[in-house]
Amino acid sequence: MTIVQFVLLGAALFSIGLYGVLTRKNAILVLASVEVMLAAVNVNLVAFDVYLGDTSSAGQVMALFIIALAAAEVGIGIAIVLMIFRNRRTADVDDLDVMRY
Amino acid sequence: MFASLTPMLAGFALFAEEGEHEVHAGDGGWLAEWAWMIVVVPLVITFLIVFFGKRSPWKGWGMATFGMAFVAVYGAVLAWVNLDEGILYEGAIEIGRIGSFTLEWGWVVDGLSIMMYFLVGVVGFLVFVYANGYMKGDVRYTWFFASFSLFAGGMLVLVSAPNLIQLIVGWELVGVSSYLLIAHYWEDFDNVDAGNKAFMVNKVADTGLFIGAIIMALSAGSFKFSEIFETMVGGNSTLAQFGFWAGLALFIGAMGKSAQFPFHVWLPDAMAGPTPVSALMHAATMVTAGIYLVARLFPFYQLPEYGGDVSMIITIIGAITLFFMGLLALVQNDIKKLLAYSTVSQLGYMMAAMGVGAYTAGLFHLFTHAFFKSLLFLAAGSVIHAVHSNNMSDMGGLRKYVPATFWTFMIGTAALVGLFPFAGFWSKDEIIASAYYNASEDPTAAAWFMVVLSIAGAFITAFYMARAVSLTFFGKYQGHGEPHESPKIMTVPLIALAAFAAGTGLLNAPGLTHVFTDWVTVRAFPIMEHHFEAPSWGLIAIVTPVVLIALAIGFYLYRPKQTQAERDEFSIPVLYPLLEQKYYIDDFYMDGIVRPTMGPIADGTLWIDENVVDAVPNLVAGGAKHTADAVNTFDQRGVDGVFNMLSAATGATGGFLRKAFTGRVQQYAAISFAGVVILALLFMIF
Amino acid sequence: MTVTFADWITELANWVFLLIAIPTVVAAFFVVTAKNVVRAVLSLVITLAGTAALFLMLGAEFVGWTVVLVYIGAVVILFLMGIMITQSPLTSSTELSQPMSMRTPAILLSVVLFGVIAWAVIVSFGAEGIPLPDEATRTASIGEAMFTNWVIPFEVVSFVLLAALIGGITLARRDPVEEGEA
């Protein structure tokens, strides 16, 4: 097992997640794409942790933190989408362009 | 006729006796030291009258007359002491320096100056008294006496001057007060014109005075008379070289003040002033300033190597003046103008006397003339006061109405024409005798010219005075109303002056008394002239009949019964208009000099001033204005433009750039990530 | 130690890796391109499951099971709830992705990003190998690390979670006034 394969996997997931963030119109799906990106990061971290043989398992601990924070962030994100949906009856990000010139 | 003249001419040679008059003199003591008061008192009184005159009880007349009385008394005392022991004194205060020239204020106390002090004081005093009555009720009474006092002070400054600078100061003071007084009745513009004419003609002549003073001072090294004469004694080649020009220029200045031909034109017009002014200034004192100047510089004019050549010119001018101006008196209708021309003629006598070297004769005539001419003027003033007109055609038969005036006028006339034993007899005949002596010693055409004209002048004088007397006092009164005699305050001075006119001749009867000669020749530098030890009977024998014949013809021609129409038959066709138009001299001056100056020359000068002289300032101002405009434009458009452009550019850029803010988050994210990628790439590559 | 391609092919672990990685990527691809919202979210499940499996393979047991519990167990449910509440179209819809004009730059960007990272990694690490650990990472050591080295981040994260909790409730609750309208 090479480290490169894991990092490449992480890169692939990250790129795909990025594509999803930039492309998806539904706010929920944007959040889902963000999740994909975070998953990629986790893969990267854990892979490096194992590769480096860290006795304090810093990578894994960080991955745990990321998971926790990602969950919190999704929660808040959904709540915001809910609020928006209540006010505007839409979950389309293109309609959220009030802060324009 | 001429054959019998020759033995007489031979006889004349008898009395020729040349000689210098010895001068012995003291220094005058405290009288001379304090003599500056003579000059200062009238000037101080002028200021007092200007500021306090209106409030004083006599409205300024009292102060003015007091000043003149002071001068008269002081002058008389000085004259007495001078006669007794002689005074030669010169006081001075240094007031400054210009280069190597010292400026001094001084007072000369010698024979010549004392005579002038006495004259100004006595005649001035009498005229001032007269003026109280004459000027009564005048609108500018106080100012009149202020100006008159100023004049007296100025004249005294002039005659007490030890140097040319102070003389010029006095000269100008006198000119100014003359202008003020001639134009006293300035509500009538003609009077103002007369004042201007007097001032202008004098100014033109004064250029000669200034130039002469400068040449004299630069050649002799000083403005002071005593120092000039000293260098002459020592021998001064520069002065000898330029002496002719200095003397000539100074004489031109003298010509202006003393109304010699051709600068005489202002004097008849000056009669526009009040009669006391005519009497004092234009008969006795101011007009004699020119004679005084020549007399003061007499040693200079007499010595051939210095100013001697100018003497001939002086003689000729004097002779021309005395005869031709006398002729003009014949055709005057205005009594004051007649007396004015008479004055000009007599001034010609005095100037010519100076020219032929008759110092004492000339000054003696000045002295006597002052008294009888001012008498004649004041009497004429009295007549005018009675008749309210200047013209003799409005007069006639006044002998009954104004007796005091009549008798005093007669005495003055007798003195003027030279009847024995009145003053003019002695003084005028002395001039003629001196002229003859000069011609016989130094026979030049000019000298004989002078002799002939002076005798002819005596004829003319008698003739016009006879006419004047006849027209004024005899015959029937041509005016309306009842003329009245003048008040005592006017007639008393007339009587006093008549006494002087009668008596002063005796001061210098040749062969008998030489009081005046002794008096006036007390000079620091001795005067070289001929003194007559006996009266020249031959001359008397010629002149007196001439005068009597003239009087007879005059009285006959203008006898009372004759009408003007009959007299007109006697008028000589060409001569009469010529005389009436005053030889067209005034017209020549007006059209030849005044009009061109007022017109083209003035316009030309204005053009030069506006276009040439002002060109540079105008250019500078124009340039400054253009520069200011350019700077303004630069500031408005340039500097502000830059800022405007900057703000516009910022606005445009902002307007352009804000389109990037679509509000779409994904777009922002895309751009951010693109930036990250690019950065990563850069890191990678470098 | 450098691994050659022959070594890599013959190792069983790599085949297992491929077996797990490929579905993960494909599922992630579906997440971002599925036309059906529910299918997208469920693809997300597969993606996350794949990552969890990879963690297990690497010996990071605790992290792997935490992913399963938290991510798949809670987050995905949240997503589904969100879908439900925002009344997203539950059937296929073309309205879920941006038009091509937007997608092209995104594709480009993604590819470039992948390329850059890949290049960076390959240049840096080459064919270095990871020796699989003999035994899985002990949870106790993770716990130790967390409460000694990482205790402060741990506390901070707990604060964040608290904030998220309160924030979420505050954001999502209905106002009493609105109750009548809704």
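How many helices and how many strands are there in chain A? Chain A has three helices and zero strands, where helices (H or I, at least four residues) and strands (E, at least two) are DSSP runs numbered from the N terminus. Read along the sequence, that gives the pattern α-α-α. Before going on, some housekeeping: this is a predicted model, in which local features need pLDDT of at least 70 and side-chain atom pairs count only at pLDDT 80 or more, while totals for chains, interfaces and linings use all residues. Residues are numbered from 1 along each chain as its sequence is written, chains are lettered from A and ligands numbered from 1 in the order in which they are written, and side-chain values use heavy atoms, with hydrogens and water left out.

Stay with chain A for a moment. Of its 101 residues, 70% count as buried, meaning under 20% relative accessible area with a 1.4 Å probe, protein chains only. Take the contacts (heavy atoms within 4.5 Å) with a separation of 6 or more: in chain A, residues 24 or more positions apart account for 57% of them.

Now chain B. Here there are 28 helices and two strands, and 53% of the 686 residues count as buried. For contacts with a separation of 6 or more, residues 24 or more positions apart make up 79% in chain B.

The strands of chain B deserve a look. Strand β1 (residues 89-98) and strand β2 (residues 101-109) of chain B run antiparallel, joined by nine bridges; to pair, two strands need at least two bridges found by DSSP. Together β1(B) and β2(B) make a hairpin with two residues between them. B:Ile98 stands opposite B:Phe101 in β2(B), and in the turn you'll find B:Gly99 with a positive phi of about 60°.

So where do the chains meet? Chain B brings 11 residues to the contact and chain A brings 16. About 980 Å² is buried between the two chains, with carbon and sulfur atoms giving 61%; buried area is the accessible area (1.4 Å probe) that two parts lose on being put together, summed over both. The rule finds one salt bridge across this interface, that is, a side-chain nitrogen of Lys or Arg within 4 Å of a carboxyl oxygen of Asp or Glu. A:Asp94 forms a salt bridge with B:Arg664, and their closest N and O atoms are 3.7 Å apart.

Definitions and conventions
Buried < 20%, exposed > 50% of the residue type's maximum accessible area, 1.4 Å probe, protein only.
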